[in-house]
Amino acid sequence: MHQIQSIKKASLITAIKTPYTMAGEIDLDTYDKLVEAQIAAGVDGIVVAGTTGEGQLMNWEEHLMLIAHSANKFGDKLLIVGNTGSNNTREAKKATEYGFASGMHCALQINPYYGKTSIAGVKAHLNEVLEIGPAFIYNVPGRTGQDLTPDIIEPLAGHKHFVGMKECAGDERIAHYEAKGIACWSGNDDQAHDSRHNSQSHGVISVASNIIPGLFRQLMDTPNQALNQSLQPLMNWLFCEPNPIAINSALIMTGAVKPVFRLPYVPLSQAQQKEGIELLSQLKESDFVGSTAKLIDETLLKFC
């Protein structure tokens, strides 16, 4: 396990996309190329099998295999954060134990979603999973339906394995936590630059850095409002439908991954793709993963 202070040095963490073969299985060769592009761009870490990586569409064998593969292949080059959270406390604990046994450095944990529990139950759940090893806690009320407010988090922040928050509740919340010495990473790409340089966040756990890792490295390293503003339309486009629909489409459009979707995800419409092509065409090809963006060839699409 990594020391907490070492983990906190990671300012740019990519919630890495999981690519598939044409048969619908996890494509490790393409996955490795995606991760190598992140390393080349100076990214500090990856979240494996998160929402962007479609851990919710994997069985646990696939999920834990990908964490183990990532740790074995890239653990000496990147912080490996395994998404081992669940709305089932027993399941989250077992997955987290296996993840650490496989070599991941840190876990990403979430409060129980869908089958929500009481505030006391949320605290009990998070305390249980924190006992296993270093963890980010992820607050994304739009997906869980329940906000992890400071009165829940502040007592947990003293736990020996608490790394910090992946926080989607905005800059004001991030600034509040950072002023109290609670490390925060923005979960909102469009706010990440200002969170970093105005609200003193520790960094970002990003979707957009899948496709523009080098530009996001610049946003985290140095205040650059001009660059930040120029990228806002692209970042907004990447969330024109629920994540990870647009990032999946974008990486297929640039040829970085094969044209395969696991349902219930389907591609962006042609009109939405055309908007993305226009936005990507404004960048240098060396600034994004893949090559010149094109409309997805519907005759090649596979769904599994």
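A residue counts as buried when its relative accessible area is under 20%. In this predicted model, A49 has a relative accessible area of 0%, so A49 is buried. A49 sits in the loop that runs between strand 2 (45–48) and helix 3 (60–74). A49 isn't a glycine, yet its phi is positive, near 60 degrees.

Peptide bonds have their own exceptions, since most are trans. The bond from N243 to P244 is cis, with omega near 15 degrees, and P244 belongs to the loop between helix 11 and helix 12 (245–253). Another cis bond links L263 to P264, with omega about 20 degrees; P264 is in the loop between strand 9 (260–261) and helix 13 (270–281).

Next come the helices. Helix 10 (residues 213–221) packs against helix 11 (residues 225–237) at about 135 degrees, with the axes 11 Å apart, which makes helix 10 oblique to helix 11. The crossing is left-handed. Helix 10 brings L215, F216, Q218 and L219 to the contact, while helix 11 brings L227, N228, L231 and M235. Of these residues, six are nonpolar, two are polar and none is charged.

T144, in helix 6 (residues 141–144), is buried too, with a relative accessible area of 3%. Its side chain reaches the backbone oxygen of Q146 at 3.0 Å.

Methods: Residues are numbered from 1 along each chain as its sequence is written. This is a predicted model: local features need pLDDT of at least 70, side-chain atom pairs count only at pLDDT 80 or more; totals for chains, interfaces and linings use all residues. Side-chain values use heavy atoms; hydrogens and water are left out. Axes are lines fitted to C-alpha atoms, for helices over the stretch in contact, and angles run from 0 to 180 degrees between N-to-C directions. Helices (H or I, at least four residues) and strands (E, at least two) are DSSP runs, numbered from the N terminus. Angles under 35 degrees count as roughly parallel, over 145 as roughly antiparallel, 65 to 115 as roughly perpendicular and the rest as oblique. A crossing is left-handed if the near helix is turned anticlockwise from the far one by less than a right angle, and right-handed if clockwise. Contact means heavy atoms within 4.5 Å. Ala, Val, Leu, Ile, Met, Phe, Trp, Tyr, Cys and Pro count as nonpolar, Asp, Glu, Lys and Arg as charged, and the others, Gly among them, as polar. Buried means under 20% relative accessible area, exposed over 50%, partly exposed in between (1.4 Å probe, protein chains only). A polar contact is a pair of N or O atoms within 3.5 Å; within protein, one must be able to donate a hydrogen and the other to accept it, and residues adjacent in sequence count only if both atoms are side-chain atoms.
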